[in-house]
Amino acid sequence: MAIVCWDGSLRIGIDAIDAQHRYLFEIINAMQSKLALGHAREALLDGLDSMRTYARFHFETEERLLDDHGYPDREAHRRAHREFLEALDRLSGQHPSPELAHQALGFLLSWLSGHIQAEDGRYAPFLAEHGVN
Ligand SMILES: [Fe+2]
């Protein structure tokens, strides 16, 4: 059963970005399901792998939009993305225990929710003013 849900509070109003954010939460859901079945190692390794691949693609999409429209805070935004990817690498470098799988799940959930609501939510009105929707 999916416990983690993408919901309307995470919508920033740019369709392509919202769809990508929803997919990031599907990755978290898949991790959660594997953990619930007792497959902690698989949940962790597959989850981090999928997250790294898709987050990289997603961050490139956002950063391209921010660059194209000259978003003033784009460097700080890019830095936040880079720090997230570095945190994924640190998690991947640790012994894949069930505790780490739970810790990673909690981190992904809180980082993504916080980043989308705060930082992505900040660029959304700027891009909307530039005709991106
Ligand atoms: Fe972002």
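What covers the buried residues of α2? The legends below begin with that helix and apply to a predicted model.

**View 1. Helix α2 and its cover.** The buried residues of α2 are covered by elements including α1 (15–36), α3 (74–92) and α4 (98–129). Those buried residues are A40, A43, L44, G47, L48, M51 and E62. Helix α2 itself runs over residues 40–68, 29 residues in total. From its first C-alpha to its last, α2 reaches 41 Å, close to the 42 Å expected at 1.5 Å a residue. After α2 comes G70, which has a positive phi near 65°.

View 2. R74 is a residue of helix α3. Leaving out residues up to four places away in sequence, R74 touches E63, L66 and D67. Y123 is 49 residues from R74 in sequence, yet the two C-alpha atoms are 8.8 Å apart in space.

**View 3. The largest nonpolar core.** This core contains 19 residues, and A101, A104 and L105 have the most contacts inside it. Each of α1, α2, α3 and α4 supplies at least two residues of the core. The largest share, six residues, comes from α4.

**View 4. Packing of α3 against α4.** Two packed helices are described by the angle between their axes and the distance between the axes. For α3 and α4, the axes come within 12 Å and cross at roughly 175°. Why are α3 and α4 described as roughly antiparallel to each other? Their crossing angle is roughly 175°, and angles over 145 degrees count as roughly antiparallel, so the term applies to α3 and α4. On the α3 side, the contact is made by H77, A80, F84, A87 and L91. These residues meet L100, A104, F107, W111, H115, E119 and Y123 of α4. Sorted by class, the contact of α3 with α4 has nine nonpolar, two polar and one charged residues.

Methods:
Residues numbered from 1 in each chain as written. Predicted model: local features only at pLDDT ≥ 70, side-chain atom pairs only at ≥ 80, totals over all residues. Helix = DSSP H or I, 4+ residues; strand = E, 2+ residues; numbered from the N terminus. Expected span 1.5 Å × (residues − 1). Buried ≥ 20, exposed ≤ 12 C-beta atoms within 10 Å, placed from the backbone. Contact = placed C-beta atoms within 7 Å. Core = buried A, V, L, I, M, F, W, Y, C linked by C-beta atoms within 7 Å. Axes fitted to C-alpha atoms, helices over the stretch in contact; angles between N-to-C directions. Parallel < 35°, antiparallel > 145°, perpendicular 65-115°, else oblique. Nonpolar A, V, L, I, M, F, W, Y, C, P; charged D, E, K, R; others polar.
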